[in-house]
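My entries follow the structure.

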Amino acid sequence: MIQEKKEVLWRVIPLQDYDIHALHALEDALLYTVERGMSPPTIIFARVSEPSISIACHQNINDVNRELCSCLGIPLARRKTGGRGMFLTPEHLIVNVIGKPEHMDVRFRDIPCLYAWLYAKITQALQEILGVLTTTDQNHSNIIVNNQKIGGLSQLQTQGVMLVHGYVRYAKARPLETQCIRFNNHELITYFEYFSDSATSVQEHQQSLGFFDFYDKFATHVLKELKYTYGSLNESDQNEARKRQEQHRREEWIIGTPDLPSKGHCDQTSIKFSLEP
């Protein structure tokens, strides 16, 4: 008889602000330290300290209006998970879940299970907090409320360790998002009315709910039924994150290679128009 693995004890890092390069470097560092047993399975709640752009690992740099971003002082980073470009602000709530399959109970035995678990946690939290019904697309990468996107997820598995991260948009989309990110050389600002209509936010459903109140409720729902303890980054985490920040700030890494495809903005998926080259 196959015995179920015992329930894992998670380390939870409470909400903190990170610059975009430090956040992606920390994600990489935890993949390393958790895989090698230097750190326990970890859940991190985060937000960026300033408006920033995160492009996907296999996305063309030309999707970003770098001249405009440079003029406005908007930092640009490339993450190691997939998807599309994201214009992140301090009003996006991010959750990262990092763990090894061999340490997990049956809920987290592989990346599809961990992904499905976090997706269910986020949608259930939004339904209870906002009192709205959430749905998804066929890939379970977008979280939809009334045909409008409010959040999404992405994933990565490497060397026997898993990372799934999700985000929820707290405040409404801004025109600047569609000025900074393009798709197939189309300036998305031209379609901002449609873009804005395709995305929604926590504030649009609960105007009186402050960001930190939302975070408290959201974290409570995500952590419900888990064994966990609040903690902080250990010395190994911090050292590995510092090493990786250099790579994430390096221009060669951010620019990538010229053969990468255009993917556009992560919230353009439900826009009701064609953006063909």
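I started at E225, which takes a positive phi of about 75° just after α6. I note that this is a predicted model, where local features need pLDDT of at least 70, side-chain atom pairs count only at pLDDT 80 or more, and totals for chains, interfaces and linings use all residues. Numbering runs from 1 along each chain as its sequence is written, and side-chain values use heavy atoms, without hydrogens or water.

**Helix α6.** I took helices (H or I, at least four residues) and strands (E, at least two) as DSSP runs numbered from the N terminus. Helix α6 covers residues 211-223. Its 13 residues reach 18 Å from first C-alpha to last, close to the 18 Å expected at 1.5 Å a residue (1.5 Å times one less than the number of residues). I found F211, F214, Y215, F218, A219, H221, V222 and L223 buried (under 20% relative accessible area, 1.4 Å probe, protein chains only).

**Cavity.** I looked for sets of points on a 1 Å grid over the protein atoms alone where a 1.4 Å probe fits but cannot get out. Lining residues have an atom within 4 Å of a point. Volume is the space filled by probe spheres set on the points, joined across faces, edges and corners. I found one cavity of 30 Å³ or more. The largest cavity holds about 40 Å³. Its lining is H24, E27, D28, R79, K80, T81, L156, L163 and H248. Helix α1 (residues 20-35) gives the largest share, three residues.

Terms used
1 Å grid on protein atoms, 1.4 Å probe; cavity = no way out; pocket = protein on both sides within 12 Å on 5 of 7 lines; lining within 4 Å. Buried < 20%, exposed > 50% of the residue type's maximum accessible area, 1.4 Å probe, protein only.
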